[in-house]
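Here are some questions and answers on a metal site and on helix packing. Please keep the sequence and structure at hand while reading.

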Amino acid sequence: MTTPLHLLESVFGYSAFRGLQAEIIDHTMAGRDSLLLMPTGGGKSLCYQIPSILRPGVGVVVSPLIALMQDQVSALRQLGVDAAFLNSNLAQGEAQKIEGRLRRGELDLVYIAPERLMQERTLEMLDQCKLSLLAIDEAHCISRWGHDFRPEYLQLDTVRARFPQIPLLACTATADDRTRQEIVQKLGISADGIFAMGFDRPNISYEVAAKENERQQLLSFLQERHAGDAGIVYCLSRKRTEQIATFLTKAGLTALPYHAGLPREVRQKNQERFLREDGLIIVATIAFGMGIDKPDVRFVAHLDLPKSIEAYYQETGRAGRDGLPASAWMVYGLQDVIMLRKLAENSEADEMHRRLENQKLDAMLGYCEVTNCRRQVLLDYFNETLPEPCGNCDTCLKPVATFDATVAAQKALSCVVRTGQRFGAAYIIEVLRGSQNERIVRFGHDQIPTWGVGGEFDAWQWRSILRQMTARGLLTVDPSGYGGLVLTSRARPVLKGQEELHLRQETLTKPASRKKAKKKATVAALTSDESLNTPANQALFESLRDLRRTLAEEQELPPYVIFHDKTLAAMVVHRPVSEDQFLALSGVGAAKLERYGEKFMKLIRQAETGLVSDTSMETDLQE
Ligand code: ADP
Ligand code: ZN
């Protein structure tokens, strides 16, 4: 009998299970339900794919995003697995064909969009099929408390009840306690079926900087650290995504906008290009990304603050799914805080929900201003402990100096009170710095005691102080007015001198520039071994990539569905020239060997014979 491990090797080409995969698969094989909490890229799909193949019948996977479905199915077919999808993109004839195959029990896996699954027709058809399991991807969409609630997910519990005999897997990468409870309750999953795998994404480097000139900051980040890389830039509004995409295009980069207001074809085309082309930048609202399965997204940049840490972690989690170094970079300023506070205050939601939104925003702001390791703060939010600072976030790489800002804060708070809690940060700063502009004189604010008491800081520093005070909830924004700063109850102890306030000391200099990113993926970077960085290796790598591109284009597939960069790098390192050697590579199973082995080995053999002259040239040059 085939075992899960045997299947992992022969079909998927991997030699060992990761983390809890083996346990989860055993649990599912035994017919039991589970909730999988794993970070993006953690390897959730294998947990339902392998049991679907091994158990009799077809595995039904509910997935909200059509693009993801198509890619997963293409990838499975490349592995020789009988998989198909049912969604609104299919022509009727095609859908009928797939339904026929389902009835005849020919499929191992079928991916279905939730709204399609909910149709009585579909359910009746499934009644007649033998099912092996039900997997619900992005299961947090079930939760009304979550940040990503989807109405079409609401009735999934009834679907579950209709097929009580088969094991269920609810999968998500983001679930705080409350969301988790809601999923477990709705789907009736027992405590021993909850599998939580570390949320840490050690290959992602986190960085948050104060917003100064966002466009310039973004451009420097892209040019200095991610030239030629694929990535996502998130903005809050549709208009901004288009403006920023235009700006980047003018600067010579390939950037495309994506938001829900674009015509469907444009959206699809831009997403498609992002998946298939190398080094493309998508500038998007949060409408983009759910289920984007591209493994080589090298950065996620935020130009606006997300509404919660869950949203931030999910969005940044789209970077570096292949496990290679990636950046999560964000700039934020006082304006972001003001805008999100207003949104939360004015939201239509009921009182309880609004309070929750505000709490989530508080946590997000707290994260921005932390002075200790960012990863520790993030993981702590998901109830996980990282014992040591990570060494791969901005606060670890460049420890933050703090200063005693108690007196400065008292001056600012007092100035806010004395000007009537009606004015925004810019005005408060002018008063503190002793400006005599027309408005200040007209309001008589050049006569108040706090006028001109803030000369020890320049306007930039004051902005930082006010932003941090707002982020920490000492000040808030008058939701009804024009964004005037208002004191909160938390300000009182500081104002009265009962509590000290320590803030981040920011300097105007840019964060220390790190090693510049290489323009292209290299074998050395992919294997973290500089000694492999030879012209011969790189030349072979490039020709393998070219071959992969040609094969991908022929089949209209994203290149990584053929082989991941990592597998190509392994080809360069191990130079397999026989079937056995090729099969030993990570990411190569029987189907891929048969389909592509010979083509890639041909290039490798050519390189092997050409190697001699290459090496001699190198020596010539060195001497
Ligand atoms: P998730 O669905 O949790 O976001 P995926 O299932 O897409 O993650 O897996 C992420 C990547 O890790 C994929 O490229 C997958 O092929 C790879 N992967 C998963 N399990 C293993 C394993 N046991 N060994 C090697 N690679 C794996
Ligand atoms: Zn850190």
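Q: Which residues are the protein donors of the zinc ion (ligand 2)?
A: In this predicted model, the donor atoms lie 2.3 to 2.4 Å from the zinc ion (ligand 2). Each of them is an SG atom of a cysteine. The donor residues are C373, C390, C393 and C396.

Q: What is the geometry of the site of the zinc ion (ligand 2)?
A: The site has four donor atoms, with angles of 102 to 118° among them. Four donors count as tetrahedral if all angles lie between 85 and 135 degrees. The site of the zinc ion (ligand 2) is therefore tetrahedral.

Q: How many residues apart in sequence are the parts that C373 and C396 tie together?
A: The donor residues follow the spacing C-x16-C-x2-C-x2-C. C373 sits in the loop between α15 (351-368) and α16 (374-381), whereas C396 belongs to helix α17 (residues 394-397). The pair therefore ties together parts whose separation in sequence is 23 residues.

Q: How are the axes of α10 and α11 oriented to each other?
A: Helix α10 (residues 214-225) and helix α11 (residues 238-250) have axes that come within 11 Å and cross at roughly 55°. Angles from 65 to 115 degrees count as roughly perpendicular and those under 35 as roughly parallel. The crossing angle of roughly 55° therefore makes α10 to α11 oblique.

Q: How many charged residues are in the contact of α10 with α11?
A: On the α10 side the contact is made by E214, R215, L218, L219 and L222, and on the α11 side by R240, Q243, I244, F247 and L248. Six of these residues are nonpolar and one is polar. The number of charged residues is three.

Q: What is the handedness of the crossing of α19 with α21?
A: The axes of helix α19 (residues 425-432) and helix α21 (residues 459-471) are 10 Å apart, at an angle of about 125°. The two helices are therefore oblique to each other. The crossing is right-handed.

Q: Which residue is the charged one in the contact of α19 with α21?
A: A425, I428, I429 and L432 of α19 meet A459, W462, R463 and L466 of α21. By class, seven are nonpolar, none polar and one charged.

Q: How many nonpolar residues are in the contact of α13 with α15?
A: Helix α13 (residues 309-316) and α15 have axes that come within 8 Å. I309, E310 and Y312 of α13 and K360, A363, M364 and Y367 of α15 make the contact. Two of these residues are charged and none polar, and the number of nonpolar ones is five.

Definitions and conventions
Residues are numbered from 1 along each chain as its sequence is written. Chains are lettered from A and ligands numbered from 1 in the order in which they are written. This is a predicted model: local features need pLDDT of at least 70, side-chain atom pairs count only at pLDDT 80 or more; totals for chains, interfaces and linings use all residues. Side-chain values use heavy atoms; hydrogens and water are left out. Axes are lines fitted to C-alpha atoms, for helices over the stretch in contact, and angles run from 0 to 180 degrees between N-to-C directions. Helices (H or I, at least four residues) and strands (E, at least two) are DSSP runs, numbered from the N terminus. Angles under 35 degrees count as roughly parallel, over 145 as roughly antiparallel, 65 to 115 as roughly perpendicular and the rest as oblique. Contact means heavy atoms within 4.5 Å. Ala, Val, Leu, Ile, Met, Phe, Trp, Tyr, Cys and Pro count as nonpolar, Asp, Glu, Lys and Arg as charged, and the others, Gly among them, as polar. Donors are N, O and S atoms within 2.8 Å of the metal (3.2 Å for Na, K and Ca); water is not among the atoms, so sites may look incomplete. Four donors count as tetrahedral if all angles lie between 85 and 135 degrees; four count as square planar and six as octahedral if opposite donors are over 155 degrees apart and all others between 65 and 115; anything else is irregular. A crossing is left-handed if the near helix is turned anticlockwise from the far one by less than a right angle, and right-handed if clockwise.
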